[in-house]
Amino acid sequence: KRKVTTHRLLEMKQRGEKISMLTAYDFSMAGVIDQAGIDVILVGDSASNVMAGNTTTLPITLEQMIYHGQSVMKAVKRALVVVDMPFGSYQGNPVEAVASAVRIMKETQADCVKLEGGTEVLESIKRILSAGIPIMGHLGLMPQSINKYGTYGVRAKDTDEAQRLIDDACALQDAGCCSLVLEKIPAELAKEVAEKLTIPVIGIGAGPYVDGQVLVMHDMLGINKGFSPRFLRKYANLFEDITRAVQAYVQDVKSVDFPSKDESY
Ligand code: KIV
Ligand code: NA
């Protein structure tokens, strides 16, 4: 199987073939989803929530993102691997931003970095790109800015914010970003952006008229029982499956049904 490249994603958009993307944070799960045929694996800073149990993505560090990136990279043979730049590692100034991106690329050997924001981080984006590091942009709901907005609600519902998002998307493309994630915005706005841009636009809660879809793996596998936003389709119910498996194991241990003679040496 040929390794997926940023150029290949562009070809997929041109061909009208939708791009599939999921998050992964560890070696074992990355190996499973890679062999299953996912196109892009995102080592998301959602690891802060999913792996570390924080209520926001803000606390995760550059070192922790690099650790997750290294673990994922050891397993992946085919998918393009994108690593999120964590909060605080690129907003300060372009020099710090390029240093953070270089550390991610050097220490994880990932294919691409992703960071949140448009015009406000454009200088950092340009510096990282001129270092030869591909960037996936991220607009719409930007979880690293939760303290500015106060909610995880749908973004760009009014025309002012929608126009700002379109302008930011164009600025990211013009700067040289290889693709763009749009999170939790109206489907019609996402459609307009995907049609306007030549780079692939990957949506989460952004409707069907984009070039690909991304979900947080643990959410789509139904591990997080209480999390059921409208945009989330659950492809498994691992919360129930794991609960049943663990209950059966506990029972078998207590009753000495496990291990059997065949399972003993
Ligand atoms: O961190 C993450 O999982 C993400 C996706 C939701 C796009 O950024
Ligand atoms: Na993220």
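Let me start with the largest nonpolar core, which in this predicted model has 67 residues, where a nonpolar core means a set of buried Ala, Val, Leu, Ile, Met, Phe, Trp, Tyr and Cys residues joined through C-beta atoms within 7 Å. Buried, here, means that 20 or more other C-beta atoms lie within 10 Å of a residue's own, exposed means 12 or fewer, and partly exposed is in between, with the C-beta atoms placed from the backbone. The residues with the most contacts inside this core are Val40, Ile41, Val81, Val82, Val113, Leu180 and Leu182. Helix H5, residues 94-108, gives the core its largest share, five residues. As background, nonpolar side chains in soluble globular proteins tend to be buried together.

Before going on, a word on conventions: residues are numbered from 1 along each chain as its sequence is written, while chains are lettered from A and ligands numbered from 1 in the order in which they are written. Because the model is predicted, local features need pLDDT of at least 70 and side-chain atom pairs count only at pLDDT 80 or more, whereas totals for chains, interfaces and linings use all residues.

Staying with leucine 180, which residues is it in contact with, leaving aside neighbours within four places in sequence? They are Met136, Gly137, Leu139, Ala169, Leu172, Leu197, Ile199 and Val201, a contact being a pair of C-beta atoms, placed from the backbone, within 7 Å.

Turning to the chain as a whole, there are eleven helices and eight strands, which are DSSP runs numbered from the N terminus, with helices (H or I) of at least four residues and strands (E) of at least two. Of the 265 residues, 41% count as buried, and among contacts with a separation of 6 or more, 60% are between residues 24 or more positions apart. The C-alpha atoms fill a box of roughly 65 × 40 × 40 Å along the principal axes. The chain is divided into domain 1 (6-234) and domain 2 (238-265), with bounds from an automatic or database domain assignment, and 39 Å separate the two centres, taken over C-alpha atoms.

Now to the backbone details, where lysine 184, in the loop between strand E6 (179-183) and helix H9 (187-196), has a positive phi of about 50° although it is not a glycine. Is this lysine 184 buried or exposed? Lysine 184 is buried, with 21 other C-beta atoms within 10 Å. Valine 256, in the segment after H11, also has a positive phi, of about 55°, but valine 256 is exposed, with 8 other C-beta atoms within 10 Å. Proline 259 lies in the segment after helix H11 (238-254), and the peptide bond to proline 259 from phenylalanine 258 is cis, with omega near -5°.

Finally, the residues around ligand 1, meaning those whose C-beta atom, placed from the backbone, lies within 6 Å of it, include Thr23, Asp45, Asp84, Glu183 and Val216. By class, this shell has five nonpolar, three polar and three charged residues, with Ala, Val, Leu, Ile, Met, Phe, Trp, Tyr, Cys and Pro counted as nonpolar, Asp, Glu, Lys and Arg as charged, and the others, Gly among them, as polar.

How values were computed
Two residues are in contact if their C-beta atoms, placed from the backbone, lie within 7 Å.
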